Amino acid sequence: MLPNDDGEMQLPTPCGNGVLAGLVQRFGSPLFVLDCEVIRRQYRSLASALPGVELHYALKPLPQPAVIDTLASEGSCFDLATTGEVELVRQAGIPPSRCIHTHPIKRDQDIQAAIDFGVKTFVADNPDEIRKFAGYAGRVALLLRVSFRSPAAVVDLSRKFGCDPEAAPGLVELAMSLGLEVIGLSFHEGSQSRLPDTKLRAIESCAAIIRATQGRGMTTPATLDIGGGFPIDYIEPAVPVEEFCAPIRRALAAIPEGTRVVAEPGRFICGPAGTVLTTVMGRAWREGRWWYYLDDGLYGSFSGQLYDHARYPIEPLREADGPRFHSVLAGPTCDSIDVIAEDIELPELQAGDILVGRQMGAYTVASATDFNFFPRARILAVNR
Ligand SMILES: *Cc1c(COP(=O)(O)O)cnc(C)c1O
């Protein structure tokens, strides 16, 4: 599990640079500041852009108790994928009726752990996986995951999971023959989508499948789970959420009446809430530029640059009006891949200077390691 610091601390949002410097002094570096007020703001803005859609926070990008607690008080539901995530919501006191389990491939022990907790809704995308539920008929409800390739997403998630739309009716029939209830369809086309186009196509296609299978194994009304993927600003700005969701609202207006609609946002909820503070350990002049070696890097909070293909806005914490130079930011480990930025314009820095990385809440500390015994950033939750 990720470490956690209970944030009784109330700070302004956004947090000024002076306050951030004080936090590093008090809590050390590297430091991951998780602003729960931003979690609230993001949840509310997505909820208002998708009225009537039940939001289930996908824990994967930032499985942190402070995030779960904050979202629970906002009325959010949760999207779980592993037994560890089930444990986390159990410990947070989340009622299982507010959780769905959406990993398309599970071991029986994972299914059992989720059922023991009280989860009822699961996802399957192929005959073998459906058969795993045969012994749980009457205790589970299935969503079939359908695949829609998303070349426009930074991370195309339909490559790995989901059945072809044409295969869905056959899977509904198989489930019915095993006495299993299929309550709907789900898809997750990809993460950090630039445009909602794939989602729109997927909603249309799923609506057609729902119409074709209702009365043939699909419950009425059905559930449609439209996944996550809602984008946030990094170095490149994203389409604002209201604009991104407007055509989605129109597409949802055309699906069978009474359909319960669910979304599984992850990045959009937690990405903007995480700020990473990292300190220059030392520097070296190499081939005409300064290399700055930080106490956090690709094996730590910046792991998302590798796994998630994200580029985070990074700036020195100290205001500097002077000239800027082509510089290199490197992580602390002895591995040469551990370079955060080769092409960054920075004022001249010294050992001890702090850099701040913003929009770093999603897929960052969650995939960090302690490689080379450089400890991960301490997680400090504020404005709980
Ligand atoms: C990772 C994941 C999400 C969250 O995706 P974001 O792009 O971060 O919103 C939602 N649903 C499933 C099934 C996932 O695997």
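View 1. Taken over C-alpha atoms, the centres of domain 1 and domain 2 sit 35 Å apart. Contact here means heavy atoms within 4.5 Å, and on that basis eleven residues of domain 1 and ten residues of domain 2 take part. Domain 1 covers 17-33 + 274-382, while domain 2 runs over 63-265; such bounds come from an automatic or database domain assignment. This is a predicted model, with local features needing pLDDT of at least 70, side-chain atom pairs counting only at pLDDT 80 or more, and totals for chains, interfaces and linings using all residues. Residues are numbered from 1 along each chain as its sequence is written, and side-chain values use heavy atoms, with hydrogens and water left out.

**View 2. What the domains bury.** About 830 Å² is buried between domain 1 and domain 2, 65% of it on carbon and sulfur atoms (buried area is the accessible area, 1.4 Å probe, that two parts lose on being put together, summed over both). On the domain 1 side, the residues touching domain 2 are seven nonpolar, two polar and two charged. For these classes, Ala, Val, Leu, Ile, Met, Phe, Trp, Tyr, Cys and Pro count as nonpolar, Asp, Glu, Lys and Arg as charged, and the others, Gly among them, as polar.

**View 3. Around the ligand.** The ligand has 14 residues around it, and Lys60, Ser191, Glu264, Arg267 and Tyr363 come nearest (to be near, a residue needs a heavy atom within 4 Å). By class, the shell holds three nonpolar, six polar and five charged residues.

View 4. The side chain of Tyr363 places an N or O atom 2.6 Å from an oxygen atom of the ligand. From the backbone, a polar atom of Arg267 is 2.8 Å from a ligand oxygen, and a backbone N or O atom of Gly266 is 2.9 Å from one. Taken alone, the ligand exposes 390 Å², and the protein buries 92% of that (accessible areas by the Shrake-Rupley method with a 1.4 Å probe).

Methods
Polar contact = N/O pair within 3.5 Å; in protein donor to acceptor, adjacent residues only side chain to side chain.
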